[in-house]
Amino acid sequence: MNRWRSNSAEGIRERPFWRSIVTHGALIAASLGMVYPILWMIAGSLRPQEEIFGGTTSIIPSQVTIEAYRDGWFGLQVSFGRFFANSLAISVLSSIGNVVAASAVAFAFAKLKFFGRDFWFALMLGTLMLPYEVTLIPQYVLFQRLGWVNTWLPLVVPKFLAVDAFFIFLIVQFFRQLPRELDEAAQIDGCSAWGIYWRIILPLSGPVLATAAIFSFIWTWEDFFGPLIYVSDMKLYTVQLGLSTFVDSSGTSSWSELFAMSILSLVPVFLIFLFFQRTLIEGIATTGMKR
Amino acid sequence: MSTSVELHGIVKRFGAHEVIRGVDLSIEPGAFTVFVGPSGCGKSTLLRMIAGLEPISDGDLIIDGERMNDVAPSRRSIAMVFQSYALYPHLTVYRNLAFGLEMAGYKRPEIDLRVQRVASALRIDSLLKRRPKALSGGQRQRVAIGRAIVRDPKIFLLDEPLSNLDAELRVQMRVEISKLHQELGNTMIYVTHDQVEAMTMASKIVVLRDGNVVQVGTPLELYNRPRDIFVAGFIGSPRMNLVPVRFTPGADGFRFAGETVRFESPLSEVEREAPLSLGVRPEHIMIGGEAGQPLCQARVHLVEHLGGATVIYATAPDGNNLTIATPGQSDVHQGDLVPLRVHPALCHLFRENGTALPGI
């Protein structure tokens with residue numbers, strides 16, 4: 001018998017049907033378990049408030065009402081639409097700032113040679129290990145002295161200064177995969193470092209820039225702590241701060257409105273994942289990113 | 001437009017490690033010079049230093065009488081064809097060809113004229129709207145060459161441009177590059193690890209090893225008179241046979257596997273005493289007949305029929321392996337005992353330190 005060939009006449013054995021049922025059943029149960037809180041929240045936003053904590057565990061409301069959506073949107077001093085617009089503006093600006101600044105810094109670290117490069121790169125990565133709470137107070141003092149407290153500036157301007165080491169690292173990994181010969185060919189063709197970045201590297205970096213933009217948008221959209229610290233004027237509130245106004249520690253909380261607006265606040269994030277999931281996967285796969 | 005290139009004492013260090021160790025070289029205007037050597041010998045590093053992509057640690061690079069060590073690559077009037085072609089993936093073929101001219105500030109009509117002319121000459125005019133990923137390997141190669149030509153440089157630098165092509169395309173492109181050189185007449189410096197490419201294309205070959213230039217010469221000079229055992233073994237395919245021999249005073253020749261090979265040129269007493277290596281190319285070993293001198297009786301253990309030639313692998317009685325290349329189709333079979341003969345004039349002797357004995 002040739003050692004490279006098998007004499008076995010058996011094909012691949014098929015799995016028993018019952019095993020498939022059990023596996024799928026377990027996966028469906030786990031999925032339901034994970035999605036149940038969302039379903040419960042949707043149900044809570046469509047049922048009368050007194051029914052939410054009335055002892056029922058059913059996710060089917062006894063009576064469907066959209067009052068929570070109406071009251072949530074228009075019930076505060078400032079319309080919830082304003083909070084959505086604020087969050088959108090901050091998130092978009094932050095994404096632009098992160099992408100522009102992080103990509104420029106990443107280009108320097110990935111493609112340029114300068115004295116102390118490895119030291120500064122390690123230092124930059126070291127900031128990833130700093131908890132936000134450690135830098136919070138010094139940053140607050142800085143912004144207060146600049147007169148930026150109670151504005152969006154502390155939330156947006158730092159993004160244009162490449163403060164987010166995670167995105168820099170993400171983009172560095174991508175840039176390092178681009179062949180060095182492309183830079184060299186551009187160099188011979190007369191491109192400056194800026195020209196190589198702008199004309200060659202950036203146009204080839206669609207996936208990673210899209211990934212950085214998407215994650216930047218989502219994380220900024222979901223950020224509660226930053227706006228809480230720096231914004232006190234309700235007209236400047238983000239969606240997350242707006243949601244917190246429904247929860248009152250001293251009196252009663254408006255749970256229906258909270259659930260309703262929470263559901264709506266998920267819509268942009270859901271849409272981004274829906275339309276950009278392929279870009280996200282491509283970007284993550286290309287960079288080996290894992291959070 | 002032809003340009004001379006001179007390298008005086010060129011050294012390249014990466015940290016404490018020296019990869020190019022004092023190279024002195026003169027490349028005449030219009031010459032097709034090939035840097036050849038095994039992987040890691042420094043040929044690509046040397047090319048990159050000429051291009052300005054690697055800083056020179058020590059020594060001087062002179063192009064047309066001007067010192068170029070600190071001059072930016074774009075101002076050396078060079079064009080480079082990379083091993084991976086390095087075409088800009090996001091640009092069309094037209095834009096790839098035009099890119100260098102745009103950076104140099106040429107006006108659109110001039111750019112268009114040059115691009116169309118080069119595209120037509122290289123037969124890529126139907127591909128101008130395509131992107132590199134829609135091109136075959138050979139087409140990408142032409143675009144890479146076209147991108148170099150369109151800038152009308154003084155010097156062409158080619159870094160193993162054919163290594164990513166299949167064998168048939170490689171032969172075809174070798175001929176095209178040689179024709180291009182004849183038409184343009186520019187100075188070309190070509191890097192390859194393939195000695196066949198070096199032999200067929202070069203007007204001058206520079207053999208490198210471990211950062212040193214071992215020998216410089218025309219292809220036939222290196223083939224007929226290798227100055228070093230490394231060059232002897234590197235140039236020529238199949239590789240030269242190299243066997244240890246000792247001078248036999250009584251027979252006034254070199255003893256090898258039961259036979260004595262006599263050379264006409266006299267040897268000094270020192271050389272007679274020292275262990276030497278006898279080099280003979282496979283194509284210079286004859287099977288049977290009366291020409292030349294007997295070398296040994298060898299047992300055949302493998303025969304390769306190439307159609308136009310036959311390569312025979314045999315073992316001498318002392319255990320040394322020999323390769324014989326005969327023209328045409330041989331009727332030698334595995335297991336045969338064949339009498340081998342050589343012309344001493346076509347043999348080479350090398351000292352223990354690898355240097356060739358001159359005039360043998």
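Author: Let's start where the chains meet: 13 residues of chain A are in contact with 17 residues of chain B (contact means C-beta atoms, placed from the backbone, within 7 Å). This is a predicted model, so local features need pLDDT of at least 70 and side-chain atom pairs count only at 80 or more, while totals for chains, interfaces and linings use all residues. Residues are numbered from 1 along each chain as written, and chains are lettered from A and ligands numbered from 1 in the order written.

On the chain A side of that meeting, helix 9 (residues 180-188) of chain A gives the largest share, 6 residues. (Helices are DSSP H or I runs of at least four residues, strands are E runs of at least two, both numbered from the N terminus.) That side splits into 8 nonpolar, 2 polar and 3 charged residues (Asp, Glu, Lys and Arg are charged; Ala, Val, Leu, Ile, Met, Phe, Trp, Tyr, Cys and Pro nonpolar; the others, Gly among them, polar).

Now over to chain B. Chain B has 9 helices and 20 strands, and its C-alpha atoms fill a box of roughly 80 × 45 × 35 Å along the principal axes. Of its 360 residues, 40% are buried (20 or more other C-beta atoms within 10 Å; 12 or fewer is exposed, in between partly exposed). Take the contacts in chain B between residues at least 6 apart in sequence: 65% of them join residues at least 24 apart.

Asn96(B) counts as buried because 27 other C-beta atoms lie within 10 Å. Leaving out residues up to four places away in sequence, Asn96(B) touches Leu87(B), Tyr88(B), Leu91(B), Val143(B) and Arg147(B). Gly146(B) is 50 residues from Asn96(B) along the chain, yet their C-alpha atoms are separated by 9.2 Å.

From helix 2 of chain B come Tyr94(B), Leu97(B), Ala98(B), Leu101(B) and Glu102(B); they meet Ile111(B), Arg114(B), Val115(B), Val118(B) and Ala119(B) of helix 3 of chain B. By type, the residues of this contact are 8 nonpolar, no polar and 2 charged.

Key:
Two residues are in contact if their C-beta atoms, placed from the backbone, lie within 7 Å.
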